[in-house]
Every structure is written in C-alpha cells, then in structure tokens.
Amino acid sequence: MELPFAESWKIKMVEPIRKSTREEREQWIREAHYNVFQLRSEQVYIDCITDSGTGAMSDRQWAAMMLGDESYAGAKSFFHLKEVINRLTGFEYVIPTHQGRAAENVLFSHLVKEGDVVPGNSHFDTTKGHIESRKATALDCTIDEAKDTQLELPFKGNVDPAKLEKALAEHAENIPFIIVTITNNTAGGQPVSMQNLREVRAIADRYGKRVVLDSARFAENAYFIKTREEGYSDRSIKEIVAEMFSLADGMTMSAKKDGIVNMGGFIATRHEDWYEGAKRFCIPFEGYLTYGGMNGRDMEALAVGLDENTEFDNLDTRIRQVQYLAARLDEFGIPYQRPAGGHAIFVDASKILTNVPKEEFPAQTLTIELYLEAGIRGCEIGYILADRDPVTRENRFGGLDLLRLCVPRRVYTNNHMDVIAVALKNVFDRREEITRGVRIAWEAELMRHFTVKLERL
Ligand code: F0G
C-alpha cells in the first residue's frame, strides 16, 4: 500500500488558540462594525485573513536570529542576506526594505512619474496605489480567462501577450517598466508560466523595456511550474527560480510571504542605474543601505527562510494543504476560483449568496457569516475592496466578489482545514435563507476595506 502524504516538518512550539460561543462572536462582530479587520486576534479561532507575515519560522530561522548583527552600517547579516539573494536570483544589487510596499515605494520613486503607464497582471493594491499616487496608470493585462472562476487553467495568472503588445505599441514612450506578479494574488493566487515570462521578455525586448517581478510568492510560482509545465518536472525549485529571474531585470519582494518571516522586504536588480536611483530614496524612507528598515536578526532569518522555502518538500507540504482544503470544498459543491491557488482559496460569493443584492455586498456578508459560524476570519476581496470610481464616486461592481481564505505557512493542520470547510458548508447549506447583506455607515475615500464601518441589514 502506498504511504499517505504527510508534512515535511514536525512541531516544536505551539500557540494555544481558543474557540468562542456564537453569542460572543455576535457581540464582537457588532462592536467591530461588521469589519473583520476591526476584530482582536483573540476573538478569532482560525485566522485566514492573510498569509502575509503570519507563517511559522523554522528552528533554523530562530537559531539564525541569535546571529543578527545590529551594526548600523555594513552589518554581516546584510551580506548574508545579499549572498542568498544573489545566489537564488542572479541579481547583484540588493536594497532591504521593511516590507513589500516599501520596496515598491523606494523603486517606484525612482522610476514612475506623472503620466506613465505600468502594464502588468492584476497589480496588487499597494502596487497599484504606488503607481496611481504618482498620477500614473496601472494597466491590467491579465488573461480574460482569469475572470471565469469555474474555468480550470494551469496558469491562470498569466499576462495576455496581445494586451501587453497593444499597451506597448500605444504607450511605449511612457512605460518605465512592465511588472509581473508571481503568483498573481488578485486573480486567486494563480501562477504565471515560464513560457509566459519568456513571452513578456520577448515583447519587452522588442520595445527596449525592462521587467520587474513582484515576487511575494515566487517560490510557490516555481512549484507550479515544476508540477504543471512541460519540461520542468525534473528541475529543482532553485533552478526554476533562477530561470524565472533570468527573464527579468529586477524584483520587489514582500518577504512576509515566501521568505517566511514576519516582517521584511527588499528590492533586487541586475542594473546599477536602478540601484543608484533607488538608493537615493531608501535612505530617507527606509534607512541606511545595509539595513533599510530591517533588523540584523530579521535579515538572518530571511536569508534562511529564502533558502528553505526554495526546497521542494517545504512547498509541497504547503501547496498540498491548500489543495486539501479545496478538495473538501469540492465535496460540498462550494464554488471557488479554480484551480486552487498557491496561498489561498477564493470563494465565489456571488455564486453562493445569490439572494443578497450586490449593493449589499455578498462577499462581505459571507465573510461575516463564516465568522459567526465558527470564528474563522477570512477577508473580502470584492466590491468593498474595489473602492468607488474616482470620477463618478459610484461603487465598482464590475469585478469579482470573493471571500479569500488564506492559509498561513506551517501554522495550521489539516484538522483546521476540515473545520474551515465544514463551517463554510454549514453557511452554504442555509444560503437561500440569507437574503440581506450590509450597508456602509462610514468609509474612507481610499482603501476603505480596512476601516469601513458597516450595518447589518
Ligand atoms: N505584492 C503582492 C503580490 C502582495 O500580495 C502584497 C501583500 C504586496 C505586494 C505588498 O507587500 O504587505 O509586505 O507591504 N499582500 C498581503 C496580502 C498584504 O494579504 O495579500 P507588503
């Protein structure tokens, strides 16, 4: 008999978590104005709000923390981190930052100016924010198939080469670089194929443009290339990673995801001019060049985390857990963005709460119902997150309305996945009875989902 699959690690330290009663949760979510960002973590049983900074470090990472060199300038820890990044990516120049959006801020301060156009595949909110706040445009060139949640494609995060070509033909003058997000978070943690990265490179070369990889989940992307793309099954994750970055000019990194640290990020590039330009912004925004917003100990932990998480077994354990959760949802017929993503399941609320009008925010309503059911905290990636149109001030109902259930790395067991699946099934079973959603009582002008105050209808 074939042995079953099991995790590639064992547990050395645990953190107790607590269940609550439905009465408690009803009170807490009311006090939080029906916004899960306003809950305290102790009011949450299983926390799937993000996979960012919520992973569990390994014993080797904790041991490395003790070797942190906290020198202001020229810290050993910086050079350890730099060596690992050089080795994995081939990028010579490295600037540490306190997290991913800080890397965007520093690099884009040098590269993006008013009137520019930055094409890419579903830019993450902060990436888009750092482009739009400079009065430039983030042009989405993701393949159309990504919008159909029920379509199974191996690389649903891809850039559409025709859309990219058109963008370059029309705006070449104003395009400072192309950005490709691996994996494509907004489209459901969907990967980008090596073939697609090669196509992007070829188009960029034709127009003399450079390519940045938003690399928050680059290792998960490499796992999907290994397991899904022809010709890569015998290649190691590290070889695939090296090939991915060989097709780019630089990267911004939120190390809180595939670096498996709680805080950190960096910029890396092969071009001295980008490095020189970004340096000028690192010092005032982040800090001196050999720490740029990170502690020495955190750079040591990140150096180990990057190395560990570009090994197959670690990624295999991680992605299979997300796929396990997806398989449980399949058993219950619950619709989500198919196939399962690398870091999360994106439940298609518009196909579940069909009696809740879109003006009453179905995905947010589902988020609240799942919390009430079992204390599980997901997050809405839907109409509230989409904000209002900057010109008409109308809500934007054009995109998908999803409940994202992130799986933190090395934190929960498959028993927790079972609880999530069954809790969602219980809500799913009474979906017809849920006919009313929420109404906005107060909202911020931008990025409203973090602070919005809602009323239950
Ligand atoms: N790029 C991508 C693709 C991301 O998913 C994120 C963060 C960032 C950049 C920004 O990095 O948070 O370190 O400043 N995503 C988190 C999430 C917040 O929940 O998906 P950061």
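Reply: Let's start with L306, which is in contact (heavy atoms within 4.5 Å) with L81, V84, I85, L88, F218, M253, D258, G259 and F266, leaving aside its neighbours within four places in sequence. This is a predicted model, in which local features need pLDDT of at least 70 and side-chain atom pairs count only at pLDDT 80 or more, while totals for chains, interfaces and linings use all residues. Residues are numbered from 1 along each chain as its sequence is written, and side-chain values use heavy atoms, with hydrogens and water left out.

L306 belongs to the largest nonpolar core, which has 57 residues; V180, F218, M244 and L306 touch the most other members. A nonpolar core here is a set of buried Ala, Val, Leu, Ile, Met, Phe, Trp, Tyr and Cys residues joined through side-chain atoms within 4.5 Å. Buried means under 20% relative accessible area, with a 1.4 Å probe and protein chains only. Helix α8 (residues 218-228) is the top contributor to this core, giving six residues. Helices (H or I, at least four residues) and strands (E, at least two) are DSSP runs, numbered from the N terminus.

M244 sits in helix α9 (residues 237-246), where I237, I240, V241, E243, M244 and F245 are buried. Their cover includes α3 (76-89), α7 (194-206), β6 (211-214), α8, β7 (250-254) and α12 (312-332).

Five of its five residues are buried, so the rest of the structure largely encloses β7. G250, T252 and S254 point one way, M251 and M253 the other. On pairing (at least two DSSP bridges between two strands), β7 runs parallel to β6 over three bridges, with V212 opposite G250. Five bridges also join β7 to β8 (residues 265-269), in the antiparallel sense, and here T252 stands opposite I267.

S254, T50, R101, K257 and R404 come nearest among the 16 residues around the ligand, where a residue counts if one of its heavy atoms lies within 4 Å. A polar side-chain atom of S254 is 2.6 Å from a ligand oxygen atom. K257 has a side-chain N or O atom 2.9 Å from a nitrogen atom of the ligand, and G100 places a backbone N or O atom 2.8 Å from a ligand oxygen.

Conventions: Buried means under 20% relative accessible area, exposed over 50%, partly exposed in between (1.4 Å probe, protein chains only). A polar contact is a pair of N or O atoms within 3.5 Å; within protein, one must be able to donate a hydrogen and the other to accept it, and residues adjacent in sequence count only if both atoms are side-chain atoms.
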